[in-house]
Each structure stands twice: as structure tokens, then as C-alpha cells.
Amino acid sequence: MQIAEQSTAAEPVIDVQSIPPHQRHPLILQATQDLAPGRGFVLVNDHDPRPLSLQIQALFGDAVSWTYLERGPERWRVRIGRPESGTAPATSLRVLIGRGGQASAVAAETPLGVADGGLVCEITDCPPGTSAEQVLDLMQGVIPPAGQLHLPYERLVARRSGSCCGGMCG
């Protein structure tokens, strides 16, 4: 992580200080996901967003940069960007969850819902470069909430990281 004096271009600013805490990470992760190569935004917060940096690193790897512009004590500013040579946008994977909780990849055109003695769901927003094996490893033992056929990749990571609700809360 680098420290820079200022942002290199006029970019959007997301000031999360007035946003309820439970809404901050989903908002920032979606903004990060939506970044086009060569674009970025400046995050403003009232504390060091280091836990968010670790989450972004886990989800996006080298496809996203994190540069401190200001480090407190009252205000932190961070530029989050997608390098010009960034990898392809995130992808999704359809998964069949068997009755015993085992997960296996199925064709992208497989209909969502109950099928072949299990449930077909779609894992969305997989970071660039994520392999099917990595997704399936995170899926082992996951039983989606009733009626939920789309599971964001970040929730699987949260589950693996010891989330209180198995990564299924909002």
C-alpha cells in the first residue's frame, strides 16, 4: 500500500462518514466492482479502513489498487482504482448443491432452482482470475437461504472468515 499526496485526477468521492456502518462495505464493494480499467474513486472515512482493504484484496487481488492519500487522525482518504491493464470483469459460476452439501460446477445455461436431487444456484461477482475450484471450495457445506438462488462471492468469503451468520446476512 502506498501513501500519496493527492489523487491524480478528478475522480468521484465516496464520503461514507454519514452512511450507516452496515451499508458502507456493500456500497464500496459495488463501486469497486463497477470500476472500468484506468478508473478509480476516493474513499473518505473517519477511521482507518484497513479491514476494508483486506476484504478488497481478498476479493479482487491485484485487479484493484489501494493508495492512502491521507492518514488521520480525524480523516482518512484512500484512492481505490482498477489499473489500466486490469483483468477482465468479475464473473459468475452456476453450482449444483447436492443434498449432502457437496458442490459441483454445472453449465452456465443450467436453469436455476431445484434439479437432479439438489439446488442449482449462481455465485455472482467472482473476482477476476477466480477459478471454479476456488468457488467450489468455498461452497462446500453451504445451504443457501430459502428462495435465494444468487449468492455473492463476497458472502462465501465472509462465511469462510467466520461471519456470525455464515456470510448470508445483508
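Tutor: Gladly! Let us begin with a definition: a residue is buried when its relative accessible area is under 20%, exposed when it is over 50%, and partly exposed in between, using a 1.4 Å probe and protein chains only. This is a predicted model, where local features need pLDDT of at least 70, side-chain atom pairs count only at pLDDT 80 or more, and totals for chains, interfaces and linings use all residues. Residues are numbered from 1 along each chain as its sequence is written, and side-chain values use heavy atoms, leaving out hydrogens and water.

Student: Why is cysteine 121 called buried?

Tutor: Its relative accessible area is 0%. The cut-off for buried is under 20%, so cysteine 121 is buried.

Student: And what makes cysteine 126 buried?

Tutor: Cysteine 126 has a relative accessible area of 2%, so by that cut-off it counts as buried too.

Student: How many disulfides does the structure hold?

Tutor: It holds 0 disulfides. To count, a pair of cysteine sulfur atoms must lie within 2.5 Å.

Student: What makes strand 3 and strand 5 a pair?

Tutor: Pairing needs at least two bridges found by DSSP. Strand 3 and strand 5 have 6 bridges, in the antiparallel sense, and valine 44 stands opposite arginine 77. Strand 4 is also joined to strand 5 by 6 bridges, again antiparallel, with tyrosine 68 partnering valine 78. Strand 4 and strand 5 form a hairpin with 4 residues between them.

Student: How do you know that the buried residues of helix 2 are on the same side?

Tutor: The buried residues of helix 2 are Leu52, Ser53, Ile56, Leu59 and Phe60. They cover an arc of only 130 degrees around the axis, so they lie on the same side of helix 2. The arc is taken from the directions from the helix axis to the C-beta atoms.

Student: What covers them?

Tutor: The cover includes helix 1, strand 3, strand 4, strand 5 and helix 4, where contact means heavy atoms within 4.5 Å.

Note on methods:
Helices (H or I, at least four residues) and strands (E, at least two) are DSSP runs, numbered from the N terminus.
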